[in-house]
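Dear colleague,

Please find below the structure I am handing over to you, followed by an account of what was found in it.

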Amino acid sequence: MAETFSYREADPDSLLATWGPLRLHSLTWYDGWDLPSLLDEWETRLTGLDDPETAAMVTVPSHETEAALPLIHRGFAPLTVIAERLAGRTAVARPSAVVVRPAVAADLDFALELNMHTVRYDTAFGMVTERANTAEHLRSALAEVLDRDHEAMWLALSGDTPVGMLYVDMPQDAAWMDRFASARPFAYLGHLGVRPDARSTGAGSALLAHAHRVLDDAGVASTLLHHALPNPRSTPFWYSNGYRPRWTTWVRRPALRASSGVSAQPERPSGT
């Protein structure tokens with residue numbers, strides 16, 4: 001049986017601390033497992049009563065809708081989705097005046113600015129947390145992407161002005177997402193951002209179309225990404241560009257609350 005329960009503590013002085021709470025309990029559910037029983041057993045293992053730097057996170061296949069009620073009854077909310085695009089799945093071309101080019105080392109400041117804007121926007125949805133050292137660690141991570149021996153980051157330019165950025169982890173850099181891919185080799189789309197004053201210009205779609213051509217030409221079979229489910233921009237954009245939900249992550253933060261406990265409510269409404 002695959003690992004069911006796990007726990008990790010993030011170093012506060014690390015980029016990992018930006019992407020979630022410092023202390024994270026995780027449960028991954030697979031088809032056919034008794035989710036209510038797993039949740040009840042897991043409840044006895046959780047720590048961090050009313051500590052906002054803890055979270056309980058359950059990842060389930062997105063198509064398994066019967067998982068929703070047991071999670072809702074225990075105070076979980078759907079927060080993030082791992083979506084996947086299979087090679088060759090293309091969107092209708094959208095006109096745009098931007099030009100897409102590979103990013104270079106001199107573009108690091110702009111890439112960081114856009115990525116920090118995304119971090120700050122995503123804090124509203126309850127998983128991402130801007131830390132005092134987030135910008136420093138993100139700069140190092142983006143510099144590493146720019147230093148790779150293959151193209152992995154692109155800019156959208158309006159005239160000579162950068163207005164958007166996208167980067168991907170090609171298959172050799174995406175192994176950490178291995179169990180979530182349905183086809184291989186696979187890549188991971190790490191970030192797509194457009195300046196607020198350039199939204200609705202087609203810059204994001206142009207960047208994505210360019211990246212998809214690069215990935216398809218390289219023989220990449222699928223591309224994965226994370227998006228925040230409550231984000232009103234993410235879901236329509238990604239799914240109109242060929243992505244489909246594969247895994248949904250439900251979160252309760254803090255991991256334990258003073259009122260926490262297994263609900264006595266039925267797992268399904270009466271009469272169904």
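Is Trp247 buried or exposed? With a relative accessible area of 9%, Trp247 falls under the 20% limit and is therefore buried. Please bear in mind throughout that this is a predicted model.

Aromatic pairs

Over the whole structure, 9 aromatic pairs were found. In one of them, Trp42 and Phe76 have ring centres 6.2 Å apart and planes at 15 degrees, so these two rings are stacked. Trp42 belongs to helix α1 (residues 35-43), while Phe76 sits in the loop between α2 (68-72) and β4; the pair thus links distant parts of the chain, 34 residues apart. Both Trp42 and Phe76 are buried.

Trp247 takes part in another pair, with Phe180: the ring centres are 5.5 Å apart and the planes stand at 80 degrees, so the arrangement is edge-to-face. Because Phe180 lies in the loop between β7 and β8 and Trp247 in strand β10 (residues 244-252), this pair ties together parts that are 67 residues apart in sequence. Phe180 has a relative accessibility of 10% and so counts as buried. Phe180 and Trp247 also belong to one aromatic cluster with Tyr30 and Trp33.

Nonpolar cores

The largest nonpolar core has 24 residues, and those touching the most other members are Leu166, Leu189, Trp238 and Tyr243. At least two residues of this core come from each of β4 (77-86), β6 (153-158), β7 (161-169), β8 (186-194) and α5 (203-217). The largest share, 6 residues, is that of α5.

Which residues does Tyr243 touch, if those up to four places away in sequence are not counted? They are Ala83, Glu84, Arg85, Leu189, Leu208, His212, Thr223, Leu225 and Trp238. Apart from this core lies another, of 19 residues, including Leu15, Leu112, Val145 and Met153.

The second largest pocket

Sorted by class, the lining of the second largest pocket comprises 8 nonpolar, 6 polar and 5 charged residues.

Backbone geometry

Two cis peptide bonds deserve mention. One runs from Arg184 to Pro185, with omega near 0 degrees, and Pro185 is placed in the loop between β7 and β8. Phe180, discussed above, lies in the loop between β7 and β8 as well. The other runs from Arg253 to Pro254, with omega near 5 degrees; Pro254 is in the segment after β10.

Positive phi values also occur in residues other than glycine. Asp50, in the loop between α1 and β3 (54-61), has phi near 60 degrees. With a relative accessibility of 43%, Asp50 counts as partly exposed. Ser200, in the loop between β8 and α5, has a positive phi of about 70 degrees. Its relative accessibility is 70%, so Ser200 counts as exposed.

With kind regards

Definitions and conventions:
Residues are numbered from 1 along each chain as its sequence is written. This is a predicted model: local features need pLDDT of at least 70, side-chain atom pairs count only at pLDDT 80 or more; totals for chains, interfaces and linings use all residues. Side-chain values use heavy atoms; hydrogens and water are left out. A nonpolar core is a set of buried Ala, Val, Leu, Ile, Met, Phe, Trp, Tyr and Cys residues joined through side-chain atoms within 4.5 Å. Buried means under 20% relative accessible area, exposed over 50%, partly exposed in between (1.4 Å probe, protein chains only). Helices (H or I, at least four residues) and strands (E, at least two) are DSSP runs, numbered from the N terminus. Contact means heavy atoms within 4.5 Å. Rings of Phe, Tyr and Trp (its six-membered ring) pair if their centres lie within 6.5 Å; planes under 30 degrees apart count as stacked, over 60 as edge-to-face and the rest as tilted. Ala, Val, Leu, Ile, Met, Phe, Trp, Tyr, Cys and Pro count as nonpolar, Asp, Glu, Lys and Arg as charged, and the others, Gly among them, as polar.
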